[in-house]
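Trainee: I am new to this structure and would like a close look at a single part of it. Could you then show me how the rest of the chain is arranged?

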Amino acid sequence: MAVYKSKGIVLRSIRYGEADRILDLYTRDAGSVSVIAKGIRRTKSRFGGRLEPLSCVDFLAYEGRTLDTITQVEVLRSFHGVREDLARLETAGGLVATMRALAGGDEADRRVFNLLYHALDTLEGRTEDHGSVASAFALKLSMLSGYALRLDACVSCERNLDGLADEGFLYYAPPLGGVLCPECRRAGYAGDAFPLPDGTLDALRTLVSRPLKEARVEDGLGESVRRVVAAHVIAHAPGNASFLDAPDRRSARPA
Ligand SMILES: [Zn+2]
């Protein structure tokens, strides 16, 4: 029975049977895993409150046939400040949904783990503009997952997008994963595409290039940025279905 140790962030916690819980964690060393915490709902559980959603923990687990069993837990960060504030908690729920959509695979990627950790850390320290953290997180996670949003040139004709504003609106085309120039849009692109208000492209570029901690979107552009980000995640979400089957995925574990 292989035992493994990793750092992980609790994404979801579901009651199971009389006293147990099944937890989905995104781990630093094994990607997404599902584990059972036996007896965690008993008052004298040795786990105490150490496996609350969003907590970052060091844990020990052994592999089972259908589920791994968690045996030891130490809290590294509880992100209590995120869980206890409704606005932050809602934003964190969005981060988790984005993780499920884009990073559902069980291949370990420490960059994804670090990105999620930094997003929660940033949220915990912020009193406002939580939406910019969520947008920056989704854009950066898209890049790490191989679905980077194309922001330099038109996805259809490859024309540089700088200086095209005079010709009319730029458009975002979700199925193409990038921005369409006004000419290509007029030429009859038939898929879903919606206009980007002035400044949106620059706001997206800034979110991609700056560190997560500095994620800021100018007032008035937040909604158009969020619309692009949400459409992009939905259009490029390969992990959606597989994450729901999490307990069946059994590979990429360190021995
Ligand atoms: Zn074009």
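Trainee: Where is E158 found?

Mentor: E158 is found in the loop between α4 and β6. Residues are numbered from 1 along each chain as its sequence is written. The model is predicted, with local features needing pLDDT of at least 70 and side-chain atom pairs pLDDT 80 or more, while totals for chains, interfaces and linings use all residues.

The phi of E158 is near 70°, a positive value in a residue that is not glycine. Most residues other than glycine have a negative phi. E158 is exposed because 11 other C-beta atoms lie within 10 Å (exposed is 12 or fewer such neighbours, buried 20 or more, partly exposed in between, with C-beta atoms placed from the backbone). D129 also has a positive phi, near 55°, without being glycine. D129 is found in the loop between α3 (110–124) and α4, and it counts as exposed because it has 12 C-beta neighbours inside 10 Å.

Now for the elements on either side of your loop.

Next, the wider chain. An automatic or database assignment sets the domain bounds, giving domain 1 (3–78) and domain 2 (80–248). Their C-alpha centres lie 29 Å apart. The contact between the domains takes 17 residues from domain 1 and 20 residues from domain 2 (a contact is two residues whose C-beta atoms, placed from the backbone, lie within 7 Å). On the domain 1 side of it, β1 (3–16), β2 and β3 each supply at least two residues.

Strand β3 (31–37) is mostly covered, with 6 of its 7 residues buried. It pairs with β2 (20–27) in the antiparallel sense over 7 bridges, where pairing needs at least two DSSP bridges. I36 in β3 is the bridge partner of I22, and a hairpin of 3 residues joins β2 to β3. On the parallel side of the story, 2 bridges join β3 to β5 (68–77), with V35 standing opposite D68 in β5.

To finish, V179 touches several residues, including R150, L151, C154, V155, Y171 and Y172. Across the chain, buried residues make up 37% of the 255 residues. The secondary structure comes to 8 helices and 8 strands, and the C-alpha atoms fill a box of roughly 65 × 35 × 25 Å along the principal axes.

Terms used:
Helices (H or I, at least four residues) and strands (E, at least two) are DSSP runs, numbered from the N terminus. Lists of a residue's contacts leave out its neighbours within four places in sequence.
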